[in-house]
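Here is a brief report on one protein chain.

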Amino acid sequence: MKNLSQKLGGPRIWIKRDDCTGLSTGGNKTRKLEFLMADALAQGADVVITQGATQSNHARQTAAAACKLSMQCHILLEDRTGRNDADYVLNGNVLLDRLHGATVARRPGGADMAAEMEKLADQLRADGHKPYVIPGGGSNPVGALGYVNCALELLVQLNDMGIAPTHVVHGTGSAGTQAGLVAGLVAARSGIPVLGIGVRAPRPKQEDMVLSLARRTCDHMGLGDIVASEDVVANCDYVGDGYGIGTPGMVEAVRMVAELEGILLDPVYSGKAMAGLIDLVRRGHFEADSDLVFLHTGGSAALFGYPDAFGLPGYAN
């Protein structure tokens, strides 16, 4: 990202384009779904159930994956922002969920979403279906394998390009992406630290979730207890007022990357992650003559649920 790097006057920022994974506008959940949907098929499932926030990227990609495999998809969306305007509850990812033919139902904020999914699964079983329940974000040891795989892919690309980054930076929420990256990079003895920029939970909770899942993922692969607590680092200073609620830093980051690099971030994950990265560069957190990798987790479809956030003027005459 030459223009952004030059603008900030800091390290060389490279971008891993996981917004280009190819499943319904792309995103990081596609890597997880490669393993989760295979597990669903292996278990003979004919319908998948998952959950997320209203503008869930994971829900959209799950709906699209179900289409490719001729499976039904039921999505439960939790209200985490209190917004009820049409742009937010019907546009963006929600529009795409429905366009992919998924059944979409809403739940109030604070609902026990795991219990809600199990309740729906019981109903579907009673109707003769074989449901497969995917946790929010696809974040379990099976889903995290997608980012173990990504870590290995990234190392090959970095080696081929002769790049030795000091950090891999990305937005961290449901923990699966960071857990998989940490597990993969530690298992490969890469020495490359992962910095997760939190979008929801406070730092202690976020790091605990990532550490637990990274260790369970390693156990799932038969690697043993190889991930140490110091391998998991999250910076949760850029969440703002809460998950899915915009911040000035997010708005600046989305606009900067759009205007300088022609790349669209999203307002919930990659926008806040980039806001954190930009601020840390400005604060001198990284060596100026170094390389960073920003993992773009996708989600630009959610921009259409936030039309008022960016204060864009009307048409020029």
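Which residues are linked in a network of salt bridges? Lys 16, Asp 18, Arg 31 and Glu 153 are. Note that the model is predicted.

**Salt bridges**

The count of salt bridges comes to 16. Side chains of opposite charge can pair when their charged atoms come close.

| Pair | N to O distance | Relative accessible area |
|---|---|---|
| Arg 83 and Asp 85 | 2.8 Å | Arg 83 24%, Asp 85 31% |
| Arg 107 and Glu 116 | 2.8 Å | Arg 107 24%, Glu 116 18% |
| Arg 215 and Asp 225 | 3.7 Å | Arg 215 34%, Asp 225 66% |

Take the pairs in turn. Arg 83 is partly exposed, and Asp 85 is partly exposed too. The closest N and O atoms of this pair are 2.8 Å apart.

Arg 107 meets Glu 116 through their side chains, at 2.8 Å from N to O. Arg 107 is partly exposed, at 24% relative accessibility. Glu 116 counts as buried because its relative accessible area is 18%, and the cut-off for buried is under 20%.

Asp 225 bridges to Arg 215, with the closest N and O atoms 3.7 Å apart. This pair links distant parts of the chain: Asp 225 lies in the loop between α9 and β8, Arg 215 lies in helix α9, and the two are 10 residues apart. Asp 225 is exposed, with a relative accessible area of 66%. Arg 215 is partly exposed, at 34%.

**Cysteines**

How many disulfides does the count come to? The count is zero. A disulfide is a covalent bond between the sulfur atoms of two cysteines. For Cys 67, the closest cysteine sulfur is that of Cys 73, at 7.8 Å, so the two sulfurs are too far apart for a bond. The cut-off is 2.5 Å.

Cys 73 is buried, at 7%.

**A nonpolar patch**

Met 221, Leu 223 and Ile 226 make a nonpolar surface patch of about 210 Å². Met 221 sits in the loop between α9 (203-220) and β8 (233-235). Asp 225 also has its place in the loop between α9 and β8. Met 221 has a relative accessible area of 30%, so Met 221 counts as partly exposed.

UniProt, in an unreviewed entry, places the feature "domain: Tryptophan synthase beta chain-like PALP" at residues 2-298. Over residues 2-298, the chain is 46% helix and 16% strand. The end C-alpha atoms of that stretch are 20 Å apart.

Where is Thr 297 found? Thr 297 is in the segment after β9 (291-296). Thr 297 is buried, with a relative accessible area of 3%. Which residues is Thr 297 in contact with, leaving aside its neighbours within four places in sequence? The contacts are Gly 27, Asn 28, Gly 171, Tyr 269 and Ser 270.

Technical notes
Residues are numbered from 1 along each chain as its sequence is written. This is a predicted model: local features need pLDDT of at least 70, side-chain atom pairs count only at pLDDT 80 or more; totals for chains, interfaces and linings use all residues. Side-chain values use heavy atoms; hydrogens and water are left out. Helices (H or I, at least four residues) and strands (E, at least two) are DSSP runs, numbered from the N terminus. Buried means under 20% relative accessible area, exposed over 50%, partly exposed in between (1.4 Å probe, protein chains only). Contact means heavy atoms within 4.5 Å. UniProt positions are given in the numbering used here, feature names are shortened, and annotations may be inferred rather than shown by experiment. Patches are made of residues with over 30% relative accessible area and no salt bridge: like charges are joined within 9 Å, nonpolar side chains (Val, Leu, Ile, Met, Phe, Trp, Tyr) within 5 Å. Accessible areas come from the Shrake-Rupley method with a 1.4 Å probe; for residues, only the protein chains shown count as cover. A salt bridge is a side-chain nitrogen of Lys or Arg within 4 Å of a carboxyl oxygen of Asp or Glu.
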